[in-house]
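Dear colleague,

Please find below the structure for your records. My notes on what was found in it follow directly after.

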Amino acid sequence: MSAPSAHDKSPRAKAGSRAGRRGDRWIRPFFKQYRGALILALLLGVATYVFASALMFSSGYLISRAAEAPGNIVAIFVPVALVRIFGVGKPILQYAERLVSHNWILRMTSSLRLKLYNALERDAIFFKQRFRTGDILGLLAEDIGHIQNLYLRSIFPLIRAWVLTVLIVVCLGFFSLWFALAMLLMLSVIVLLVPLVSALRQGACEARRKTMKNQLYEQLTDNVLGVSDWIISGRSDEYTQTYRASEEALRGVEAKLHRASRNRDLLLQVLYALVVVALLAWAAFQFGGSYGGAADWIAAFVLGFFPLIEVFAPLPKAAVEMNSYRDSADRLGRLPHEDETAADTGERARAVSENPSEERPLSAPDDTPRQDAAEHISATPRAPLTLAIKGLAYRYSAASRSVLHDIDLTLAPGEKLAILGRSGAGKSTLAALIRGDLVPTRGSVELGGVATCALGDRITEYVGVVQQQSYLFNATLAENLRIGNQRASDEELWEVLESVGLGELGRRLPSGLDTLVDEAGLRFSGGEQHRIALARVLLSDVPLVILDEPGVGLDPVSEQLLLDTLFKTLRDKTLIMITHHLQGVSLMDRVIFIEDGSLCLSGSPGELAQSNAYYQKLLAFDTGSAR
Amino acid sequence: MAASVAYGIVRSPVKPNRTTRAEKRNRAVIDRSLFGLPGIRRILLLLAGLAVLAGSATFGLAWSLSSALTHLWQGAALSDQCVWIGLFLLCFVGVQGIAWLQDLLLDNYAHERADELRHKLVTAVFTRGPELVQASGTGTTTTLLLEGVAQVEAYLRLILPKICRLLIIPLLLVVPIFLLDWVSGVVVVIVFPFIVFYMVLLGRVAGEKAARQHRKYQVLSNHFIDSLRGIDTLKLFGASRRHGKNIYAVSEQFRRATLKTLRIATLSGGVLDLFVTLSVAAVAILLGLRLLDGSLTLFPALTILILAPEYFKPLREFAADFHASLDGRNALASIQTMLRGARPDAADVSPPSLPLWNNRARLAASGLGFTYDAEHEAFEALSAVSFEVSGFTKVGIIGASGAGKSSLIQLLAGFSVPDAGTIHVNDTPAPSLKRADWHSQIAFLPQNPSLFHATLRENLAFYHPQASDEEIAEAVAVVGLQDLIAELPEGLDTQIGEGARALSGGQAQRVALARVCLDTRIRVLLFDEPTAHLDIETELELKARMLSLMQDRLVFFATHRLHWMQSMDLIWVLDGGKIVESGTLEELRARGGYCSSLIRQLEGVEA
């Protein structure tokens, strides 16, 4: 996929070695972080059950001892004290364990989130376009939730059970080496063999269930979207039957899983019973044979085991669930490394998507990284900020067809350009090249004498973008606007709101600029959202603005009003408008049509309307006087 | 278990607060809606019977183990205890054996109930269709069908045995405890209501605390996903790097807020634990003291010590799964609401059948109204709409966004049923057009026609699955899809749709048109903004092909793109849910009303 090009600095081998360690980037490193809290949480978890077991142990001893020596209160003084300590201590330890482990998990979540954010940040511009279908972002955010669960429900219980097993065996070892070894054998079956076998056997089944469920999800979504077609065609029953058949198949797998866990639990119970009997037999052999005395210990050892059943019971399930976290870990593992060069990211990031859309002209910049800003800090565009595009060509990889070729274009400061063309013709790719998000395969894009792709994040000081879908953050209106310029004063915000035609709306908001944008009942319409996006760009005060299909999704009247505002407020700036129809185009200085990656028509709208038959035809069609 | 209780608290603020109504209804500890399920009596009786058996087995294991222990303590030989040990083994495994049986029983019962709900729901979706889906959203509908029903199933499996055990086992075990030693009996009986009281109390306090901070929680917990969704915007303004620090800070803020709530929330679990352990400890000490003064012997003491934790176990299990079961409970409530909300289905009542539309047919409506039941307020989308069309008229429908164009198309397509007004087809009255004999002669072409994940051939022949290769080839030629097919690796047999080869908007529109070509029964075409998001050159190419399909058909064409109006015989101008003007383009232009001002607004700038 990532064939080398002139700009490719990272050989494949490097990417390969990274792939090796990518699996554990998201889980294992966090064992090292906040290690103190982690160890404390595990210790508290173990101690809780040590206390629970000790409570029954000392209780068993207490009553045996009391029964043996009636009237002798001194004889049971120590066991009574111990019963009190363990009885009070166990719930307190458990309470502390929950708080400490949650605290650790939530801390780790903060780090995980930052890590995920940083991994996505580098490639942010292309991310959405790449994953247009499906809510990949929601999935990734959920993956972090799954990793939380992995710790809480699988890793912690497993470690706790293993540590307790070792403790039991060591303690018994003081009395009898042979019995300790026998116990180790029996407990190993419970804490290692059964979970392992469950994980292997049910794991496959569980994976199959998950795949079936996902398929069913896709199938159902697909058909619910097309529900009107099913109804019109009179074939609804056909689908309901198909659907129920798929559900029935899924049920088959689920019933198998349920049966397996039912039988497994029964087997485990037999094992626990055997352990209890073994303890009883061993204790009788070791301490029995006389009335009371050493025999007081028999009840203690037997009863002490009962609370531990609670530790062992969740293990098989925990082990089976480990499998289902693998998907999450894999998905996160395929993300670009948060500190690797952008060059490595393309292939990996694209692999995250199971369905790279072929229609999208904008895809991962495989072999054409934006240079790191730091390396070129010296180069600063000089006035006049002319945009000069010379012999530009672009292709995603050496093997693929070029998306753009032989583009020459010069845009003087203040000039207004409209880019038209079919979807997929390369309009958006051209815009990305202008902003420097992509590096030309051939030719150059320069702004004020500096290649835009060399500017790094400093491009934001020169080029602003009004996106097709402007995103409003769930924050106050002021915070949303200040994304354009952090230092803008309230007066400036009002001024800019006024100029984009939102002054009236702003004054009507209950808390003015400090109103949260999604507060109950307050929803900004599509047109208003575009205007807020425009306000951000105005605040950032850049000399060149790219409008990416600015009126899309609006009705024609709202669109025209928006365009009027756009042209009025951006009058002094260099303007590039990408559009798929002709509304507003007549107000531009120049129109270019892109077809199959090259300029096929270029001129001022006035000239074209006069002399070009194709343009005349489109114009006539669009304004409605065509026949 | 330790984790899952608290985990519910951590996650619950993340959920949107749309379930509030259902949650309020569900405050009661035991969900009443369970008792409305078919066959619930039988299953509850069976479960109760099994719980009695389980309680008896538990008593048996305590009895036999204590006997063995007591004898051994008295110095008896291990070999003499075989009977007791055997009995213990039997009872201990028996308890789980009963659980095994119970699980088997419930697995089937829960599946049957879930399957029933699923069947009702999927039938509702695929007969009532778009109306229902629109009201709840595609995402919610599929999630409810797949996750919701599964959650209900898990909920039934989880909660029914727990309820039975909670109600029966403590009652059953307290009897032998009392008989063996009344003091211990009093201790465990007194503690029980205390535990319930404190748990409910602390649960409320924690719930209220969480509710008070709900808004803050929501903002904090949604901050991360919000940032991810807007990450490209941040990047475009060069603000993305510094925002990383922000993410960490907000996440830490969330952690601190969560821990504050957890301190109380976990306390309710902690109190349960404390009471249970303390009462076991108290029982042990009391037993010890009374053994000392000789008023008790070892055997009853041991039996009670083994029984005491078992007595509390059902309560602990119920509490542990209470939070986990809330999802299932809410899902059951939402499904029942969705099924109840079904409007009477006109398709079932079959008035005289509609003939195939022809050039003398007449469709008349008067006083049509349609109201959406939004969550908080009803929205009147159409009111007092009257019209009459006949033969193969082409009707253009224009108006600003929100004027009611889509609602009208939905009524005309028979996807929704009007709340008011009458419809006549050829003088035959029909309560609505939601009927199979109307659906079979219409085609609906929305902005984004749905393509199924199937081969291109199956998609093309969707309305007419028996179409021959020649027919398909002809339709492909009519709509201009030859180039695409030539490009596809497997031609007509290439998989398209989600997750496979994606088609562009223009190509999808062509597939929808080809479906119309192939089905000769189709006499009525309904378009809802079919070209709104297409580029002008594609629209230009498609226009001629669409117009040719409109011949000899009744057409309703809702659009913002006014150039289509020249090809229409009749234009309806909608505003505020009413037809405000109606006539040919020339008439409307001449009249100088809303329509011509709309045209002026659009053309004024261009001219």
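A:Asp541 counts as partly exposed, because it has 14 C-beta neighbours inside 10 Å, and a residue is called buried only from 20 or more, exposed at 12 or fewer. This aspartate lies in the loop of chain A between α18 (526-540) and β7 (544-548). Although A:Asp541 is not a glycine, its phi is positive, at about 50 degrees. Please bear in mind throughout that the model is predicted.

A positive phi of about 50 degrees also occurs at A:Asp406, again not a glycine. A:Asp406 belongs to strand β2 (residues 402-411) of chain A. With 13 other C-beta atoms within 10 Å, A:Asp406 is partly exposed.

B:Asp575 is partly exposed, as 17 C-beta neighbours lie inside 10 Å. Beyond its neighbours within four places in sequence, B:Asp575 is in contact with B:Gly399, B:Ala403, B:Val580 and B:Tyr594. Of these, B:Ala403 is 172 residues away along the chain, yet the two C-alpha atoms are separated by 4.7 Å.

As to the interface, 125 residues of chain B are in contact with 128 residues of chain A. On the chain B side, helix α10 (residues 240-292) supplies the largest share, with 26 residues. By class, that side of chain B comprises 65 nonpolar, 42 polar and 18 charged residues.

Yours sincerely

Note on methods: Residues numbered from 1 in each chain as written. Chains lettered and ligands numbered in written order. Predicted model: local features only at pLDDT ≥ 70, side-chain atom pairs only at ≥ 80, totals over all residues. Contact = placed C-beta atoms within 7 Å. Helix = DSSP H or I, 4+ residues; strand = E, 2+ residues; numbered from the N terminus. Nonpolar A, V, L, I, M, F, W, Y, C, P; charged D, E, K, R; others polar.
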